[in-house]
Amino acid sequence: MGLLLKVFTPLLGLAMAFYFYSAPENFNEEMLRGKRVVVTGASSGIGEQMAYHLARMEAHLLLTARTEAKLQKVVKRCLELGAASARYVSGSMEDTTFPEVVVKEAETTWGGLDMLILNHIGSSYFNYFNGDVDHVRKLLEINFLSYVAMTVSALPMLKESEGSIVVVSSLAGKTSSPFAAPYSATKFALDGFFSSLRQEFVIEKVNVSITLCILGYIDTESVVKTVSHVIDNTPAPKEECALEIIKGGALRQRELHYPSRVVGSLLLLQGIAPNFLDSLIRSSYKVENIRR
């Protein structure tokens, strides 16, 4: 089974990536110069790397995360890299008023907004579902409802600028993934809401793009620490992932898959052979390392 996966996945992924999801080769960093961009979850991981890429592209940045000290360091580095401007708002998305606070800061500072990158995430476990409904409810508040709240608050400015919404999601929000039931539920919710909203934008002729980013296994510190004892695959680099997300948003792509070959092939299997895909996923995990 392992050999079949190694041979079949790259071939199928190449075809999928080429036909459906490869980004057009017309991205230019000039697209982001002077743009006003909010990045959430920007103190570490993919969000931090997106901030650095955007800084090199001379964008105006408003960064958010929970930890003020980390945000201060990221903002300082962004200014060193050439950001047109960089500032931060620290706070927790558990606070239902915080998304509106962030958007209000963007409006006060810039008077408008060109790109909203929703990337923050609440912490969860990687294990058998333990029946804790309160944890699911809390995770939905952070990973889903705050995304909706920020979008609602930012939409008037994005409509005016004909801007972009970038939603960072996961393969766990497209396929059934064991040991991640609460997290997976929030990511499926993102797909449902933002895909439906995109349809409404088309009907109403609202020129605001929505890019849903479906990410596989990425080498952020938190992810590797959480799943490396169960998943034996090599994680993809967060720096490249962050750049691909920015490109996808700038090019107004419908969906971005990263790493494209792996994610694209698995999503194709989801449609044509879901039971086979489920078995592949289960066989790729070191289930014996999971402890209830």
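User: In which helix does H53 lie?

Analyst: In this model, which is a predicted one, H53 lies in helix α2. With a relative accessible area of 15%, H53 falls under the 20% cut-off and is therefore counted as buried. Once its neighbours within four places in sequence are set aside, H53 is in contact with E239, A242, L243 and I246.

User: What should the span of helix α2 be, and what is the distance between its end C-alpha atoms?

Analyst: The 12 residues of α2, numbered 45-56, should span 16 Å at 1.5 Å a residue, and the end C-alpha atoms are 17 Å apart, which agrees with that expectation. Just after α2, E58 takes a positive phi of about 65°.

User: How many of the residues of α2 are buried?

Analyst: The helix is mostly covered, since 11 of its 12 residues are buried. Among them are G45, I46, G47, E48 and Q49, and the list also includes H53.

User: Which residues of α4 meet which residues of α5?

Analyst: Helix α4, residues 98-110, packs with α5 at an angle of about 25°, the axes being 8 Å apart, and the two are therefore roughly parallel to each other. The crossing in which α4 passes α5 is right-handed. From α4 the residues are P99, E100, V102, V103 and E107, and these meet S146, A149, M150, S153, A154 and M157 in α5.

User: Is M150 buried or exposed, and which residues does it touch?

Analyst: M150, which is found in helix α5, has 0% relative accessibility and so counts as buried. Not counting residues up to four places away in sequence, M150 touches V38, T40, M93, P99, V102, V103, L116 and L118. M150 and S92 are 58 residues apart in sequence, with a C-alpha to C-alpha distance of 13 Å.

User: What does H135 touch?

Analyst: H135 has its place in helix α5 and is buried, with a relative accessible area of 15%. Residues up to four places away in sequence aside, H135 touches S123, S124, Y125 and P182.

User: How many aromatic pairs does the structure hold?

Analyst: A pair of aromatic rings is described by the distance of the centres and the angle of the planes. The structure holds six aromatic pairs. In one of these, the rings of F126 and F179 have centres 5.9 Å apart and planes at 65°, so the pair is edge-to-face. F126 lies in the loop between β4 and α5 and F179 in the loop between β5 and α6, so the pair ties together parts that are 53 residues apart in sequence. F126 counts as buried at 14% relative accessibility, and F179 is buried with a relative accessible area of 9%. The rings of F193 and F194, with centres 5.0 Å apart and planes at 85°, also form an edge-to-face pair. F193 counts as partly exposed at 27% relative accessibility, whereas F194 counts as buried at 1%.

User: Which residues do ring pairs link into a cluster?

Analyst: The cluster linked by ring pairs consists of F126, Y128, F179 and Y285.

User: Which two residues does a cis peptide bond join, and where is K205?

Analyst: Most residues other than glycine have a negative phi, and most peptide bonds are trans. In this model a cis peptide bond joins Y258 and P259, with omega about -10°, and P259 has its place in the loop between β7 and α9. K205 has a positive phi, near 60°, in the loop between α6 and β6, and is exposed with a relative accessible area of 74%. R252 likewise has a positive phi, near 60°, in the loop between α8 and β7, but is partly exposed, with a relative accessible area of 33%.

Terms used: Residues are numbered from 1 along each chain as its sequence is written. This is a predicted model: local features need pLDDT of at least 70, side-chain atom pairs count only at pLDDT 80 or more; totals for chains, interfaces and linings use all residues. Side-chain values use heavy atoms; hydrogens and water are left out. Helices (H or I, at least four residues) and strands (E, at least two) are DSSP runs, numbered from the N terminus. The expected span of a helix is 1.5 Å times one less than its number of residues. Buried means under 20% relative accessible area, exposed over 50%, partly exposed in between (1.4 Å probe, protein chains only). Rings of Phe, Tyr and Trp (its six-membered ring) pair if their centres lie within 6.5 Å; planes under 30 degrees apart count as stacked, over 60 as edge-to-face and the rest as tilted. Axes are lines fitted to C-alpha atoms, for helices over the stretch in contact, and angles run from 0 to 180 degrees between N-to-C directions. Angles under 35 degrees count as roughly parallel, over 145 as roughly antiparallel, 65 to 115 as roughly perpendicular and the rest as oblique. A crossing is left-handed if the near helix is turned anticlockwise from the far one by less than a right angle, and right-handed if clockwise. Contact means heavy atoms within 4.5 Å.
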